[in-house]
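Visitor: I would like a close look at a single part of this model, with the terms spelled out as we go.

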Amino acid sequence: MVELISKDCKELINKSRRLYEIVSGEKISNDEMNEKFKEFILDKSLYQHSEHEGKTSIGDEDLVPPYNLESM
Amino acid sequence: MLKESILEGVAEKIYGYAISIRNIEASLEHFGLNLEGSALVNFRDAIFHYQTLYLTEDLEIINENKAAIEEHLERGSKDILIYFSDILRKSITLFLNDTKINKSKENRILLIALCNDFANFNIDLRKSHGRFEIKNLSKRFDEIIIIVQNLILLLETEQKTKVFNSCVKKFVRVRPQTQLT
């Protein structure tokens with residue numbers, strides 16, 4: 001699959017990887033990234049819905065969870 | 001032939017989306033945070049439309065599902081980038097208020113400027129709308145990489161980084177994640 005993707009898509013993947021590397025200060029190899037990606041894709045929970053519920057997104061209340069920010 | 005080329009184009013978009021979301025998830029995991037639900041829900045829904053698209057020969061249904069996939073990917077990527085940048089912006093605010101660490105006046109000003117950069121990034125992202133395009137998402141990554149890079153430079157020392165990371169950790173959800181079952 002990786003060989004079939006376009007230059008733009010490869011660039012996107014590299015940029016998202018770069019973001020992770022900046023945040024964590026760690027390098028990640030292609031193999032590691034692909035392995036993590038497989039885990040992500042194969043995560044059963046993503047496939048448990050057989051019916052589409054017509055939801056395009058979860059609600060705003062879910063996007064802004066109640067943070068534990070007593071100190072704020 | 002038309003259907004095949006649409007399938008290929010859409011599959012690449014889903015692939016690019018999924019792998020970049022996975023990398024944002026890894027970035028959040030670094031701070032002990034989970035991926036925000038919308039990115040996964042929209043991924044799941046995009047896959048559902050892909051299955052429908054794959055199985056049909058009706059051109060109208062093909063076009064409908066292609067548009068639906070792009071909408072889900074657009075929404076999911078916007079939501080996760082907004083969530084990620086918002087957490088970092090709020091963490092900078094907490095870090096600025098933390099009295100354990102001495103910050104020079106210049107350092108404080110630069111951190112406040114970064115807060116504004118994150119806020120502007122968020123507003124710009126919220127205001128934008130349209131079809132999901134890999135190039136557009138790439139551009140967003142360019143923008144956020146620069147802001148995050150500046151943040152890392154400003155944190156300078158290991159001690160400051162440690163305190164900042166503890167600020168981010170305060171955003172760990174206090175309730176279970178959205179269930180996808």
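Which residue caps the N-terminal end of α2(B)?

Guide: The model is predicted, so local features need pLDDT of at least 70 and side-chain atom pairs count only at pLDDT 80 or more, while totals for chains, interfaces and linings use all residues. Residues are numbered from 1 along each chain as its sequence is written, chains are lettered from A and ligands numbered from 1 in the order in which they are written, and side-chain values use heavy atoms, with hydrogens and water left out.

The cap is B:Glu36, which places a side-chain oxygen 3.1 Å from the backbone nitrogen of B:Ser38; a polar contact is a pair of N or O atoms within 3.5 Å, where within protein one must be able to donate a hydrogen and the other to accept it, and residues adjacent in sequence count only if both atoms are side-chain atoms. Helix α2 of chain B covers residues 37-55, and because 19 residues at 1.5 Å a residue should span 27 Å, the 28 Å between its end C-alpha atoms agrees; the expected span is 1.5 Å times one less than the number of residues.

As for the setting of this helix, chain B has six helices and zero strands, helices being DSSP runs of H or I with at least four residues and strands runs of E with at least two, numbered from the N terminus. Read along the sequence, the pattern of chain B is α-α-α-α-α-α, and its C-alpha trace spans about 65 × 30 × 25 Å along the principal axes.

Elsewhere in chain B, B:Phe95 is among the residues of α3(B) that meet α6(B), where B:Phe164 is one of the partners, contact meaning heavy atoms within 4.5 Å.
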